[in-house]
Amino acid sequence: MRFTPTQLGDAELELQREVRAFLAQELPPGSHQPGLGMSARADRAFSAKMAERGWVGMSLPKQWGGSDRSAVDRFIVVEEMLRWGAPVGHHWVADRQTGNVILKFGTDEQRKRFLPAICRGELGFSIGMSEPDSGSDLASVSMRAERGDGGWIVNGTKIWTSGAHQNDWFICLLRTHPLEEGGSKHQGLSQMLVDLNSPGLDIGPIPFLNGEHHFNEVAFTDVFVPDENVVGEPGMGWNQNTAEMAYERGGPDRWLSPFSTVEQLLREVEGTEMEQRACELFGELTARWWALRNLSLSVARLIDEGEAPSVESALVKEMGTRFELEVIEKLVEFVDEELTPDADSLFHRLLAECVLTGPGNTIRGGTIEILRSVAAKGLEGLPA
Ligand SMILES: Cc1cc2nc3c(=O)[nH]c(=O)nc-3n(C[C@H](O)[C@H](O)[C@H](O)COP(=O)(O)OP(=O)(O)OC[C@H]3O[C@@H](n4cnc5c(N)ncnc54)[C@H](O)[C@@H]3O)c2cc1C
């Protein structure tokens with residue numbers, strides 16, 4: 001395992017100052033309802049403002065509209081945005097992973113078509129991995145794409161699709177070659193880019209416990225996907241998807257979700273009898289956050305060295321999302337009454353949302369058990 005201690009250099013600290021100044025000007029505390037990390041609101045105008053600064057798709061090459069910046073630079077921008085609870089939801093998936101997948105496995109036509117628009121903050125992507133009978137065991141996806149004239153005809157249902165009702169595109173893992181008897185289920189899968197406005201797509205909400213609309217079930221009835229929207233070699237989607245998961249885990253989004261809630265607690269208890277207790281908790285949490293941040297930052301350094309640190313990323317997500325739940329448990333001790341999403345106190349409102357969404361963070365992008373399994377296999381040198 002390669003968690004090498006690292007620190008930010010002068011240019012990186014300068015970028016951090018720049019992002020902080022931008023946020024203080026655009027979203028001064030009190031002017032907006034902070035989001036919980038990557039679950040923040042989708043705001044196309046805010047994404048466009050970030051893009052103007054070169055902070056969306058920033059590690060993509062200049063040739064395709066990016067800024068040729070490092071993974072550590074992206075880490076710095078993302079850390080500040082999430083800490084602040086900024087509304088990064090619209091470009092989140094495209095910036096974190098889809099742009100990288102298209103760069104790595106796509107054709108030049110696909111790069112030209114999608115990457116500059118991603119870097120302008122225009123395109124929102126959803127992830128189409130899970131199906132009603134495929135979650136952790138992702139290779140068991142059974143949704144079929146059959147060969148058609150100039151493309152593929154897709155039928156079936158994807159589930160738990162975050163943001164499909166708001167986004168523009170959907171990157172789906174589909175079975176393009178039937179599973180042969182005795183064959184590996186990892187073969188015969190392909191990744192396809194599907195326009196979320198395609199005829200035959202039916203996007204229906206799966207309401208959250210509090211009635212909010214985050215997830216969707218996306219039903220495909222004879223949806224046509226042209227050949228030019230297949231990413232990489234048909235049948236090789238499993239390896240591409242595994243590479244995508246390495247971008248999905250290990251970043252600040254896996255340990256910063258309740259940060260804005262902790263900050264709001266500190267604001268609200270200032271000058272009250274709870275202030276001392278809250279400061280002690282903040283000290284304890286800061287020490288734990290510092291450790292996680294260093295692990296996560298070292299993952300970004302490894303990516304900049306051309307590595308694919310899937311074991312390290314899995315461990316950061318495992319530890320980070322468990323820590324987030326501990327933070328929420330400790331925050332709940334500061335509240336005597338029942339938590340409601342329409343409380344007067346912003347701290348109570350944010351905490352109510354944390355209680356609701358915290359457990360999901362340990363599930364999305366790989367459950368705790370699956371991450372431990374990835375790490376254990378990786379340490380033993382076994383395939384994921
Ligand atoms: C907030 C949120 C957002 C999501 N967004 C998306 C999205 O945008 N796109 C998308 O495709 N999916 C999304 N998902 C779905 C998510 O990826 C799946 O829920 C997840 O992969 C788990 O699959 P499952 O729900 O089918 O649970 P299962 O796979 O059925 O697992 C059930 C339990 O069994 C355990 N388990 C399963 N297999 C093993 C094993 N081999 N060893 C040990 N334990 C095991 C699991 O850890 C879990 O505790 C989202 C989920 C959440 C909570």
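**Close-up views of a predicted model**

**View 1. Strand E5 and its pairing partners.** Strand E5 and strand E8 (residues 230-231) pair in the antiparallel sense over 2 bridges; strands are DSSP runs of type E with at least two residues, and helices are runs of type H or I with at least four residues, numbered from the N terminus. Two strands count as paired if DSSP finds at least two bridges between them. Met 192 has Val 230 of E8 as its bridge partner. Strand E4 (residues 169-175) is joined to E5 by 7 bridges, and the two run antiparallel. Within that pairing, Leu 173 is bridged to Gln 191 of E5. Of the 7 residues of E5 (residues 189-195), 6 are buried, so the strand is largely enclosed by the rest of the structure. A residue is buried if 20 or more other C-beta atoms lie within 10 Å of its own, exposed if 12 or fewer, and partly exposed in between, with C-beta atoms placed from the backbone.

The model is predicted: local features need pLDDT of at least 70, side-chain atom pairs count only at pLDDT 80 or more, and totals for chains, interfaces and linings use all residues. Residues are numbered from 1 along each chain as its sequence is written.

**View 2. The hairpin of E2 and E3.** Strand E2 (residues 144-148) and strand E3 (residues 151-158) run antiparallel and are joined by 5 bridges. Arg 144 stands opposite Asn 155 in E3. The hairpin has 2 residues between its strands, and Gly 150 in the turn has a positive phi of about 75 degrees.

View 3. The buried residues of helix H2 (residues 44-52) are Phe 46, Ser 47, Met 50 and Ala 51. Seen down the axis of H2, these buried residues fall within an arc of 145 degrees, so they line one face of the helix; the arc is that of the directions from the helix axis to the C-beta atoms. An α-helix has 3.6 residues a turn, so residues three or four places apart point the same way. The buried residues of H2 pack against helix H5 (108-119), where contact requires C-beta atoms, placed from the backbone, within 7 Å. Exposed residues Ala 45 and Glu 52 sit on the face turned away from the buried side of H2. Gly 54 follows H2 and has a positive phi, near 85 degrees.

**View 4. Positive phi at two aspartates.** Asp 68 has a phi near 55 degrees, a positive value in a residue other than glycine. Asp 68 is in the loop between H2 and helix H3 (71-84), and with 13 C-beta neighbours inside 10 Å it counts as partly exposed. For Asp 222, also not a glycine, phi is positive and near 50 degrees. Asp 222 is in strand E7 (residues 215-226) and is exposed, with 11 other C-beta atoms within 10 Å.

**View 5. The ligand shell.** The ligand is surrounded by 17 residues, the closest being Gly 135, Ser 136, Gly 360, Thr 367 and Glu 369; a residue is near the ligand if its C-beta atom, placed from the backbone, lies within 6 Å of it. Strand E1 (125-128) and helix H11 (368-379) are the elements that give two or more residues to this shell. Domain 2 (127-235) and domain 3 (249-379) both give residues to the shell, so the ligand lies between them; the domain bounds come from an automatic or database domain assignment.

Notes: Two residues are in contact if their C-beta atoms, placed from the backbone, lie within 7 Å.
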